[in-house]
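Please look through the sequence and the structure before reading on.

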Amino acid sequence: MGVIFKFGDKDFHTKRWSGGTTTELFIYPPTSSLKKLDFDFRISTATIEVENSTFTPLPGVKRGFTLLEGKTKLKHEGHHQLEMKLNEVDEFLGEWKTSSEGKCTPFNLMTTNNCKGNIHPLFLKRNMKTELQSKCDFILIYCNKGNGAVLNEKQTELSENELIVLTDSSSDRITFQSHSDAHLVIVYIELNK
């Protein structure tokens, strides 16, 4: 199954921003930073605690956005707008002038030209199994609610607010089984080689 890494609260880094908080869950390479914009990809959660907020411009970054809680209206000036609910995904460029209306908790994926990535929200009932796409460089599984396990030789458990990162999964079948009703966000990453 490749290599599995597991992360929890003690591994995540939370900072304030003008509209709430942002929590970095994972950044690659690990020596890169959001401030320098030298990453291949980064995933994070955030809180939007004000009714109206404007996103920080991030030139050269492609963004994926889905909700963990709440609802919001995203406006991308000169492009499109969207009233987002749980299970929906929006993609946009970091240089677009983007604002939001409504308090919510989003999940964010940022990628640069070094890779491409996709977000897939997933809701599972208790004891459901789902097979995840393989043949990519990274699969990241974030558990927003509930718990479950990646089924393999060791069966890696995943609880609320934990992240599993699978690398080198190019030839394996990967199955996730929920132990309770669960809300997951799956991120698939392919590096440009």
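This is a predicted model: local features need pLDDT of at least 70, side-chain atom pairs count only at pLDDT 80 or more; totals for chains, interfaces and linings use all residues.

Residues are numbered from 1 along each chain as its sequence is written, and side-chain values use heavy atoms, with hydrogens and water left out.

N127 is not a glycine, yet its phi is positive, at about 65°, and its place is in the loop between β12 (115-124) and β13 (129-132); strands are DSSP runs (E, at least two residues), numbered from the N terminus. Most residues other than glycine have a negative phi, and most peptide bonds are trans.

The loop between β3 and β4 holds L37, a residue other than glycine whose phi is positive, near 55°. L37 is partly exposed, with a relative accessible area of 31%. P29 is also found in the loop between β3 and β4, and the peptide bond that joins Y28 and P29 is cis, with omega about -5°.

## The largest pocket

Rolling a probe the size of a water molecule over the atoms shows where empty space is left. On a 1 Å grid over the protein atoms alone, a pocket is an open set of points where a 1.4 Å probe fits, with protein on both sides within 12 Å along at least five of seven lines, and lining residues have an atom within 4 Å of a point. Grid points are joined across faces, edges and corners, and a volume is the space filled by probe spheres set on the points.

The largest pocket holds about 580 Å³ of space, and of the 22 residues that line it, W17, T22, L34, R42 and M110 lie nearest its centre. Two or more lining residues come from each of β2 (13-17), β3 (20-28), β4 (41-48), β6 (62-70) and β11 (104-111).

By class, this lining has 10 nonpolar, six polar and six charged residues, where Ala, Val, Leu, Ile, Met, Phe, Trp, Tyr, Cys and Pro count as nonpolar, Asp, Glu, Lys and Arg as charged, and the others, Gly among them, as polar.

## The second largest pocket

The second largest pocket has a volume of about 180 Å³, and its lining includes F7, D11, H13 and P30. β3 gives the most to this lining, with four residues.

Technical notes:
Buried means under 20% relative accessible area, exposed over 50%, partly exposed in between (1.4 Å probe, protein chains only).
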